[in-house]
Amino acid sequence: MSDWKSKVAKKQEELRQLTPTEWLIADRDATPYEEALLEKLSSEQLEITTNYTAQELLAALAAGKLTAEAVTDAFSRRAALANQYVNCLTEVNYKAALTRAKHLDEEFKKTGKPVGPLHGLPISVKDSFEVTGLASTLGTVARIDHPKSHKNTPLVQLLLDLGAVVHVKTNIPQAIITSDSHNNVFGRTLNPYNTKEWSAGGSSGGEAALIALRGSLLGVGTDLAGSIRIPAWCCGVYGFKPTVNRIPYSGIARSSVDLADLGVLASAGPLATNISDIEFFMKTVIDNQPWIGYDSLAIPMPWISNINKHRKTSKPEKKGFLTFGTILEDDLYPVDSDVQQCLQNISFKLVGAGHKHVQLLSGAYPSFRHVSHSIALPLLDLDVSRASLKMIQAGQEPLVPSVKKNFAGVYDPPSKTFDETEELFITSVKESSVSIPQLLEATRRKLSARKAWLDVINAQGIDILILPCAAQFAPPFDTYTELPYTNNWNALDFPAIAIPTNRDKLGKVDSKVKPHGIQVVGTYFNDEGLLAAASLVDSIINESN
């Protein structure tokens, strides 16, 4: 066995040893997920993991109706089951999580009060978040032998201080550089609704798949070009990319270096089973002033819950109603007909509820191609040494198909097939270069495009934009390449949320029913206004369903 395969086998065996044998399914292919839940979970555990939102669970914990130990045990078991079906986990923290939960219960007994607003809530985090005692491999063989984390990422520490329990870390792409959560160390995360063919998205694909199967009700991912929204779109859950640094991001394990922090910046943000829990997460984290004592780069800006939700209108009878702009399809980036039909149906529902619709056609707004090619891609390419690819090379492991395809021309030898039949090892990486004038020009274009978008929005009185996350719903494995419908908003630093639109129709695991959804976008630093408006949209869409 080659050295990289031996390391992977050892790592996978270590993880198997951390999962109690009584939680394992003897024959996964012969046992549907729903049957496994009935077999492995008690009626109370099934109730805890199936019939609560995160906020409802917290209310039950705060009232003493449930213990942190019972809740943590239930979600740990369900996460372990989900992992056996969709391969969504990288690190498990079951034993330490249960110990912490027992401590929280003891504190509750002593004081009669919850430790904090997140008392006893299991929260999952993407692999790149550092958690004391756990590894952060970033989906690479080279980091298998990397020392385990000796301290928590600031956001993780804040969540723990607020009473949360971190029970698992979730899967990502190789070196976190594509939109398919597939790597050689942990394998491919599968879409819960078609584990044979459909992508779960990335790079927070493990989070989205886990939450779809309710192995966690609330998780944290990161988003640099769509890495929260694309998986949420694929797996039928909610995923929010806030304005950069509204949520602490410092201290996360990274595969890129050099000038990357001068380019397009990533955001940390929540994924959840409902939009109310998304807003709750944002408010809870920001209300606790993470810029003091946790992450000095977090924006010192309070969460304004009673913000004027929608733009004022000239007609009193229209107060509280939205003006929403839609983009069904950009001329240069074709969108599947079912995606367009979904957007049209949503528009009809919103107009029927009294809201005003403005359809934006190509040419009426800054070009997605311009933002993607002249701003986003140059600024994302400031990792001039190609550290991510060099990390893969250092592990002497083959490239997974999505990396082969998306980075063709950057590495040698060139790929011939771009699929899993070809085992391709990097021998060299072509470094890029960036000059100060190039950096300044890309930054100028970014600010110019942001102003141009704001001019369009303000001129037509638009409160929110509604558009796709991608050209297809849950596409086949390894077909994500350019991401203009999501990376546009990372480049401009506008907050955006993926909202599922057919959750009532999503069936059992492998039901072959594709999740449908939309992306709702606001203006930068107006995260509160966006979520308020998106909540209204969600209520109209999903209540009418």
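Which residue in β3 is the bridge partner of Glu91? The answer is Lys169, and that pair is a handy way into this predicted model.

- Strand β1 and strand β3 (residues 165-170) run antiparallel and are joined by 3 bridges.
- Both strands belong to an open sheet of 11 strands with mixed pairing. Reading across the sheet, the order is β1-β3-β2-β8-β10-β9-β16-β17-β15-β11-β12.
- At the edges sit β1 (89-92) and β12 (356-359), each of which pairs on one side only.
- On average, and with direction ignored, neighbouring strands in this sheet are turned by 25 degrees against each other.

**A helix pair**

- Two packed helices are described by the angle between their axes and the distance between the axes.
- For helix α12 (residues 368-380) and helix α16 (residues 484-492), the angle is about 55 degrees and the axes are 9 Å apart.
- An angle from 65 to 115 degrees would count as roughly perpendicular and one under 35 degrees as roughly parallel, so α12 and α16 are oblique to each other.
- The crossing of α12 and α16 is left-handed.

**The largest pocket**

- Rolling a probe the size of a water molecule over the atoms shows where empty space is left.
- The largest pocket holds about 1400 Å³ of space.
- Its lining is made up of 46 residues, and those nearest the centre are Ile176, Ile177, Leu224, Ala225 and Leu380.
- Two or more lining residues come from each of β8 (218-223), α12, α13 (387-394) and α14 (401-406).
- Sorted by class, the lining of the largest pocket has 22 nonpolar, 15 polar and 9 charged residues.

**The second largest pocket**

- The volume of the second largest pocket is about 360 Å³.
- This pocket is lined by 16 residues, and Gln12, Leu15, Arg16, Asn83 and Asn87 are the closest to its centre.
- At least two lining residues are supplied by each of α1 (3-17), α5 (68-86) and β1.
- The lining of the second largest pocket divides by class into 8 nonpolar, 6 polar and 2 charged residues.

**The cavity**

- There is 1 cavity of 30 Å³ or more in the structure, and the space in the largest cavity is about 30 Å³.
- Lining the largest cavity are Asp180, Ser181, Arg188, Thr189, Trp198, Ser199, Ala200, Gly201 and Phe477.
- By class, that cavity lining has 3 nonpolar, 4 polar and 2 charged residues.

**Backbone details to look at**

- Most residues other than glycine have a negative phi, and most peptide bonds are trans.
- Asn87 is not a glycine, yet its phi is positive, at about 55 degrees. Asn87 lies in the loop between α5 and β1, and this residue is also among the closest to the centre of the second largest pocket.
- The peptide bond from Gly202 to Ser203 is cis, with omega near 10 degrees. Ser203 is found in the loop between β7 (194-199) and α8 (205-212).
- Asp412 and Pro413 are also joined by a cis peptide bond, with omega about -5 degrees. Pro413 is in the loop between β13 (411-412) and β14 (428-429).

Terms used
Residues numbered from 1 in each chain as written. Predicted model: local features only at pLDDT ≥ 70, side-chain atom pairs only at ≥ 80, totals over all residues. Heavy atoms only, no water. 1 Å grid on protein atoms, 1.4 Å probe; cavity = no way out; pocket = protein on both sides within 12 Å on 5 of 7 lines; lining within 4 Å. Points joined across faces, edges and corners; volume = space filled by probe spheres on them. Nonpolar A, V, L, I, M, F, W, Y, C, P; charged D, E, K, R; others polar. Pairing = 2+ DSSP bridges. Helix = DSSP H or I, 4+ residues; strand = E, 2+ residues; numbered from the N terminus. Axes fitted to C-alpha atoms, helices over the stretch in contact; angles between N-to-C directions. Parallel < 35°, antiparallel > 145°, perpendicular 65-115°, else oblique. Left-handed = near helix turned anticlockwise from the far one by under 90°.
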